Amino acid sequence: MDPKGTIVFTSVGRQHYGFDVFSLIIPSNPIDITHSSEQPLTDGISINFNGQFLDEDQTLVYVSERTGSSRLYLARPGSSKPELLPSPPRSLFHDRPVIKDGRLYFISAHEPNDKPFKSWSALYSTELHHHGGKIVRLTPSGSVDYSPAISRSGKLIAVASYGARPWAGDFHDLQTDIVVFRESDPTQRTVVCEHGGWPTWSGDSTVFFHRQADDGWWSIFRVDLPPNHDDFETSTNTCIRVTPSGVHSFTPAALQDGKRIAVATRRRGNNYRHIEIFDLLSQEFHPVTELLNPNFHHYNPFVSPDSGFIGYHRFRGESAAPGGDSVIPHLDVVASPVIGIQMFRLNGTFPSFSPDGDLIAFNHDFDSNSGLKIVKSDGSKRWTLLKDRTAFYNSWCPAEKNVIFTSLGPIFAPAKATVQIARISFDLANLDDQSEEDIAVPVEIKLLTREDTGNNAFPSCSPDGKFVVFRSGRSGHKNLYIVDAVNGEADGGVRQLTEGPWIDTMPSWSPDGKLIAFSSNMHNPDNVDAFSIYVVHPDGSGLRRIYLAGAEGSSEVDRERINHVCFSADGEWLVFTANLGGITAEPVSVPNQFQPYGDLHVARLDGSGVRRLTWNGYENGTPTWYEGGVEPEMGRCQFGDKLKGQFDEPLWIQCDF
């Protein structure tokens with residue numbers, strides 16, 4: 001039977017983005033930049049990003065997630081509604097669109113690659129004015145391409161490419177190459193420079209791109225190709241560094257005068273990414289967006305064909321268009337590739353459904369809004385159970401409607417840190433439809449673990465409500481234990497389920513009570529970056545590994561990084577976060593994602609039937625799975641968090657050299 005039901009999950013930071021695309025006239029003197037000269041080009045609905053101009057009228061092609069997945073749109077000056085552009089019907093990911101001479105070029109990730117740990121991202125094209133026309137794959141089968149750029153004449157295409165090489169696990173600085181090929185013959189591809197990403201053309205003979213230089217600074221490089229396009233395949237190309245050390249420069253866009261490039265920068269003492277124009281002759285940077293919005297991040301500049309305008313995307317701030325989104329919904333619809341599965345992104349983490357599916361327990365965040373909350377499963381209302389107390393990972397008792405188990409204490413703490421399993425009881429009669437949001441609900445807290453037993457976390461309740469399995473560091477190693485769900489270890493006792501010098505974590509009890517699934521590196525305890533799924537009976541027997549990336553003994557399976565495993569309601573399927581699909585988009589072009597290779601997958605208990613549920617530039621995880629469907633509240637959100645654009649730059653971009 002195919003998987004079915006409702007899956008709720010989170011994506012790191014994504015719900016806070018509020019991106020819109022903006023433009024400025026490129027001034028001859030930066031002092032001429034004013035707030036009135038910055039114009040929004042998108043309508044404030046969902047997030048809108050990675051645009052390109054078609055002309056000097058600022059006709060825009062861009063990416064938007066308004067339908068629950070990233071799709072391509074065309075915004076024309078004076079039109080209030082964007083036009084949805086043609087794309088492969090099975091694709092839920094599109095990126096970096098370019099329109100040239102009536103043809104649309106874009107990245108899509110709808111075709112599985114030939115092996116695990118390879119991205120699905122590839123370059124496609126189609127006639128713009130013929131809906132239903134043929135969509136052509138330009139990337140060879142088995143290869144991976146990102147970030148296309150079309151030369152001024154339209155004859156040449158550059159991409160950042162892995163070629164047919166497998167992904168090596170890199171994501172700070174992708175080890176892609178700059179590859180060039182003719183639009184008329186995409187099979188004849190040439191690596192014009194090794195190690196580079198995000199290419200942009202100046203004319204037909206110069207390609208700029210970014211990469212991390214040997215001194216640690218992200219910098220722009222260039223490669224010059226022979227003007228005679230017949231012999232660039234056999235030429236020897238020299239990659240020349242363009243921007244200096246002391247400032248990070250990435251995601252370049254070349255102005256067509258051949259004298260300037262627009263770049264996004266990060267500077268010492270500045271926590272925000274900004275757009276600047278770099279003069280190639282004077283070797284000087286000219287600030288652009290910092291003069292307007294010093295406390296917003298600005299991403300991925302692009303310029304109009306004759307360099308009259310510069311565009312970028314940023315948090316929309318208070319400038320949301322009428323009818324745009326200014327509130328983060330509690331639950332946001334995400335398009336699902338599986339017919340029987342509904343998917344929703346939660347404004348929070350570690351969701352868990354109540355037994356009847358009416359409510360979802362979750363953790364809002366772990367800093368200013370720490371604690372435990374519940375929300376209606378239609379996304380219409382939210383209440384607070386715990387406030388200003390760090391809680392994480394929740395398990396709603398299947399046998400009791402008003403009992404939730406959670407972890408209290410610091411997250412990502414060492415084995416001996418004090419983290420305790422708590423039983424949270426509350427009265428559902430308090431959950432009426434009062435008009436106010438986040439009403440505090442009285443709770444009773446019972447700690448099930450002793451304070452002196454170290455790091456006890458990730459509880460999962462048995463289906464009969466009698467026991468809780470959890471991960472504990474009390475022995476010095478993080479293994480699984482089972483405790484009485486009512487009396488705790490002081491009165492009911494605790495027993496060890498797994499034992500060894502490795503990490504067993506994030507257990508999930510099956511709906512029939514016969515199995516416990518969890519993530520572990522017991523197959524290679526020295527590698528704390530590689531986890532696989534294991535299952536075991538509650539009495540400790542029948543321990544086995546579920547092989548997903550390949551057969552037992554193959555080299556692929558030891559590269560699995562699989563976490564956040566959860567059972568389907570019928571117990572036949574597992575949902576989990578995995579690195580099996582590699583990297584979908586260049587991470588340096590996106591706000592911080594701790595593991596941008598984390599996508600949701602489902603598989604049967606024997607490891608067969610693997611299906612990918614998400615593919616995007618985010619880290620998706622902490623899923624919960626309910627057997628039925630839910631009916632989300634339609635229309636604009638009345639309640640929710642105000643969009644504030646609070647998200648981080650990639651934490652691995654350091655400025656303190």
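Colleague: Which strand supplies the largest share of the lining of the second largest cavity?
Modeller: Strand β27 (residues 331–334) does, with three residues. A strand is a DSSP run of E, at least two residues, numbered from the N terminus. This is a predicted model, where local features need pLDDT of at least 70 and side-chain atom pairs pLDDT 80 or more, while totals for chains, interfaces and linings use all residues. Residues are numbered from 1 along each chain, and side-chain values use heavy atoms, without hydrogens and water.

Colleague: How many cavities of 30 Å³ or more are there?
Modeller: A cavity is a set of points on a 1 Å grid over the protein atoms alone where a 1.4 Å probe fits but cannot get out; lining residues have an atom within 4 Å of a point. The count here is eight.

Colleague: In what order do the four strands of the open sheet run?
Modeller: Strands pair if DSSP finds at least two bridges between them. The order is β38-β39-β40-β41, with antiparallel pairing. β38 (456–461) and β41 (494–496) each have a single partner strand, so one side of each lacks a neighbour in the sheet. Four bridges join β38 to β39 (residues 467–472), and cysteine 461 stands opposite valine 468 in β39.

Terms used. 1 Å grid on protein atoms, 1.4 Å probe; cavity = no way out; pocket = protein on both sides within 12 Å on 5 of 7 lines; lining within 4 Å. Points joined across faces, edges and corners; volume = space filled by probe spheres on them.
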